Amino acid sequence: MAEGSLLDLAALGRTKVASQPFDHLIVPGFIPAVGLHQVERDFPRIDKAGSFPLSTISGSGPTFLKLMEALQGPALRQVIAEKFSIDLSGRPTMVTVRGRCRRKDGQIHVDSKDKIITVLLYLNESWGGEGGRLRLLRNSDNLDDYAVEIPPDAGTMLAFRCTPESWHGHKPFEGDRRVIQLNWVTSNYYVWREQARHKLSAWSKRFLSAA
C-alpha cells in the first residue's frame, strides 16, 4: 500500500493553521477510508494504560507498520514544517502509542519543552460521551474554558506547536482509547532518555507484580 493511501497529505495541505488558543490544525479523515480499516486491524494489542514508545511494542500488523513509516517520512515532515513555518530538518522523531485510558489520564498539561510539534492520530470508532474528547484550553486552570474540542474519532489528526501555553486535557474516561503520538523533538538524547525511562518503568512493574 502506497504512502499516499495512508495519509491524506492533500487534505492537510488545504487545512489552515488556527491560532486560538494556540497554533494548531485538525484534519478529520487524515487516514482515508481505503486504508483505515487495515490500520485498525493491524493496531497492536495494548492491554495496559500508559504511553508506549514504538520500539517497545510488538504484535503490529504490516499496514500499521507502513503507517509508522509514513508518519516519520519526509513528505509529512515537509508539509508540517511549511504549515507551522518551522525548520524540522535534522530534528529526530519519536512515536508513542496508547491503547487504553485511565480515569486519571487527560489532566491539564503542556507537552515537554523538548517537543517541538505534537501530532495526535486517533484510531477509535465514532466517539460518544464527553470523556476522552481532547480540549485545547485557554488557560491552565479550567478544563471547561476551551476553544476547541476534538473527539478521538478514527482517522482524525491534530497537530499543534508545543509552547509553554499549549494547555490541553480531557474529561475522565476509562477504557479503550487508541491514539498514536508523533513528535519532532530537540535531540536524539531526548528520544533515548524517554525510551530508557519507559523500559525501566515496565521492568519495575513486572518485578513488583512478581514479588
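**The salt bridges around Arg 135**

Analyst: The side chains of Glu 149 and Arg 135 are joined by a salt bridge, 2.8 Å from N to O; the term denotes a side-chain nitrogen of Lys or Arg within 4 Å of a carboxyl oxygen of Asp or Glu. This pair connects distant parts of the chain, with Glu 149 in strand E6 (residues 146–150) and Arg 135 in strand E5 (residues 134–137), 14 residues apart. Strands (E, at least two residues) are DSSP runs, numbered from the N terminus.

The model is predicted: local features need pLDDT of at least 70, side-chain atom pairs count only at pLDDT 80 or more, and totals for chains, interfaces and linings use all residues. Residues are numbered from 1 along each chain as its sequence is written, and side-chain values use heavy atoms, with hydrogens and water left out.

Arg 135 is buried, its relative accessible area being 2%, whereas Glu 149 is partly exposed at 27%. Here buried means under 20% relative accessible area, exposed over 50%, and partly exposed in between (1.4 Å probe, protein chains only).

Arg 135 also forms a salt bridge with Asp 144, where the closest N and O atoms lie 2.9 Å apart. The structure as a whole holds 14 salt bridges.

Conventions:
Helix = DSSP H or I, 4+ residues; strand = E, 2+ residues; numbered from the N terminus.
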